Amino acid sequence: MNKQPTSTRERIVETADRLFYEHGYGHTSFADIAAAVELSRGNFYYHFKTKDEILEAVIELRRQKTQAMLDAWAAEAPQPAARIGRFIDMMAMNAPAIRRNGCPVGTLCTELAKLEHPALPQANTLFTLFRDWLRVQFEQLGAKAGADGLAMHLLARSQGIATLANAFDDGAFIKHEVSQLHKWLHAIAK
């Protein structure tokens with residue numbers, strides 16, 4: 001399902017996305033991205049004039065990938081509980097990366113907040129995508145009045161799991177918490 005970047009611009013954005021996740025936005029320079037893409041600075045500047053332009057493109061790429069993932073989950077799972085289960089399972093599927101780097105959305109939003117970066121509202125739209133999608137799933141599950149609260153609870157819990165798994169480099173913790181979240185979901189779905 002992952003499409004390989006074809007244009008130089010796409011390669012820059014994909015590479016910047018990876019480097020921002022692995023090293024942080026503040027610790028990734030133009031030179032780091034250009035070297036990873038194997039471009040001269042002149043060719044690099046042809047595509048992006050500032051690191052903030054790259055950040056905007058990275059956030060948009062993440063938004064598109066997140067939307068595609070949510071659409072795929074909705075198409076693959078016939079019941080809302082199964083779709084919510086896909087969100088929960090995302091932590092287990094990405095456990096090695098989460099242990100190394102935390103949640104890609106959470107770490108980016110936290111870093112941009114600390115920097116008081118003007119792109120923070122744009123980055124926060126990634127959480128909004130998850131929140132809105134989860135709210136709809138909980139509504140379809142029958143929890144109409146409390147659907148947004150349940151969505152926020154699940155988002156908060158997933159962020160806590162990612163933060164602690166990263167802090168303690170603990171894959172077993174992720175596995176345990178994913179199991180606990182499935183039990184929680186099962187109790188709600190009854």
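Hi everyone. Before we start, one term: helices here are DSSP runs of H or I with at least four residues, numbered from the N terminus. And please keep in mind that this is a predicted model.

Let's begin with α8, which covers residues 120–140. Its 21 residues reach 31 Å from the first C-alpha to the last, close to the 30 Å expected at 1.5 Å a residue. Along the way, α8 bends by about 30° at L126. L126 is also one of the buried residues of this helix, and others include A123, F130, W133 and F138. What do the buried residues of α8 pack against? They pack against α4, α5, α7, α9 and α10.

α5 has 14 residues and reaches 20 Å, close to the 20 Å expected. It bends too, by about 25° at F87. F87 is buried, and so are P80, R83, I84, G85, I88, M90 and M91. The buried residues of α5 pack against α4, α6, α8, α9 and α10.

That brings me to a residue in α10, I174. Is I174 buried or exposed? It counts as buried, because its relative accessibility is 1%, and the cut-off for buried is under 20%. Now find A92 on your screen: I174 and A92 are 82 residues apart in sequence, yet 6.4 Å apart in space, C-alpha to C-alpha. Beyond its neighbours within four places in sequence, I174 is in contact with A92 as well as M91, A95, I98, R99, I161 and A165.

Terms used:
Residues numbered from 1 in each chain as written. Predicted model: local features only at pLDDT ≥ 70, side-chain atom pairs only at ≥ 80, totals over all residues. Heavy atoms only, no water. Helix = DSSP H or I, 4+ residues; strand = E, 2+ residues; numbered from the N terminus. Expected span 1.5 Å × (residues − 1). Bend = angle between axes of the 7 residues up to and from the residue. Buried < 20%, exposed > 50% of the residue type's maximum accessible area, 1.4 Å probe, protein only. Contact = heavy atoms within 4.5 Å.
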